[in-house]
Amino acid sequence: MQGTDSIDRIILSILTKEARIPMKSLAGRIGLSRSATTERVTRLEKAGIIRGYRADIGQLDDGQIQAFLLVTLKRTPSLGVLDRLAGYAAVRKVSSVSGQLDLVVEVEVGSINALNELRNEVSAMDSVDDLTSLIVLRREIERS
């Protein structure tokens, strides 16, 4: 964040928590005029430091369970596994990773039983050597 000063960092801190704060309120909190605050925010946007504003939506459906399946394959690459994972509606994201694991599969299911069924189907795939499940208790920080 080259080119930012302490006031810019305060602005960023406030906007991180309150993206929809009115410019007048923001200006009052940092002790600048509304026009000076608007100029700073515009400069931060043009510099790409502020890339957008978003609503931080919590989980809408209490019945949904989010989890990660940590998959170790017998051999890589294993395109057949990726094709099969893509066929599951519960699979939200699949990432190939370095290290001891091969794939991190993000899933969203309606129940623990559905998670167990999906886990059993994935672990039964010929190319899968090992699978560990991690259930998401709460999302602390999530950016798009």
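Is leucine 137 buried or exposed, and what is its relative accessibility? Leucine 137 counts as exposed, at 85% relative accessibility, where exposed means over 50% relative accessible area, buried under 20% and partly exposed in between, with a 1.4 Å probe and protein chains only. The model is predicted, so local features need pLDDT of at least 70 and side-chain atom pairs count only at pLDDT 80 or more, while totals for chains, interfaces and linings use all residues. Residues are numbered from 1 along each chain as its sequence is written, and side-chain values use heavy atoms, with hydrogens and water left out.

**Helices α1 and α2**

- The axes of helix α1 (residues 6-17) and helix α2 (residues 23-30) come within 11 Å and cross at roughly 130°; helices here are DSSP runs of H or I with at least four residues, strands are runs of E with at least two, and both are numbered from the N terminus.
- Axes are lines fitted to C-alpha atoms, for helices over the stretch in contact, and angles run from 0 to 180 degrees between N-to-C directions.
- The helices α1 and α2 are therefore oblique to each other, given that angles under 35 degrees count as roughly parallel, over 145 as roughly antiparallel, 65 to 115 as roughly perpendicular and the rest as oblique.
- The crossing in which α1 passes α2 is right-handed, a term used if the near helix is turned clockwise from the far one by less than a right angle, with anticlockwise giving left-handed.

**Salt bridges**

- Side chains of opposite charge can pair when their charged atoms come close.
- The structure holds 6 salt bridges, each defined as a side-chain nitrogen of Lys or Arg within 4 Å of a carboxyl oxygen of Asp or Glu.
- One of them joins aspartate 8 to arginine 40, with the closest N and O atoms 2.8 Å apart; because aspartate 8 lies in helix α1 and arginine 40 in helix α3 (residues 34-46), the pair ties together parts that are 32 residues apart in sequence.
- Aspartate 8 also meets arginine 43 in a salt bridge, at 2.8 Å from N to O, and since arginine 43 lies in helix α3, this pair ties together parts that are 35 residues apart in sequence.
- Aspartate 8 counts as buried at 0% relative accessibility, and arginine 40 also counts as buried at 18%, whereas arginine 43 is partly exposed with a relative accessible area of 37%.
- A network of salt bridges links Asp5, Asp8, Arg40 and Arg43.
- Glutamate 108 forms a salt bridge with arginine 92, the closest N and O atoms being 3.9 Å apart; as glutamate 108 lies in strand β3 (residues 103-109) and arginine 92 in strand β2 (residues 91-96), the pair ties together parts that are 16 residues apart in sequence.
- Glutamate 108 counts as partly exposed, at 21% relative accessibility.

**Contacts of alanine 67**

- Glutamate 106, which has its place in strand β3 and counts as buried at 17% relative accessibility, is 39 residues from alanine 67 in sequence and 5.9 Å from it in space, C-alpha to C-alpha.
- Leucine 137, in the segment after β4 (128-135), is 70 residues from alanine 67 in sequence and 8.7 Å from it in space, C-alpha to C-alpha.

**Nonpolar surface patch**

- Leu79, Leu82 and Val94 form a nonpolar patch on the surface, with about 240 Å² of accessible area together; accessible areas come from the Shrake-Rupley method with a 1.4 Å probe, and for residues only the protein chains shown count as cover.
- Patches are made of residues with over 30% relative accessible area and no salt bridge, like charges being joined within 9 Å and nonpolar side chains (Val, Leu, Ile, Met, Phe, Trp, Tyr) within 5 Å.
- Leucine 82 lies in helix α4 (residues 79-86) and is partly exposed, with a relative accessible area of 32%.
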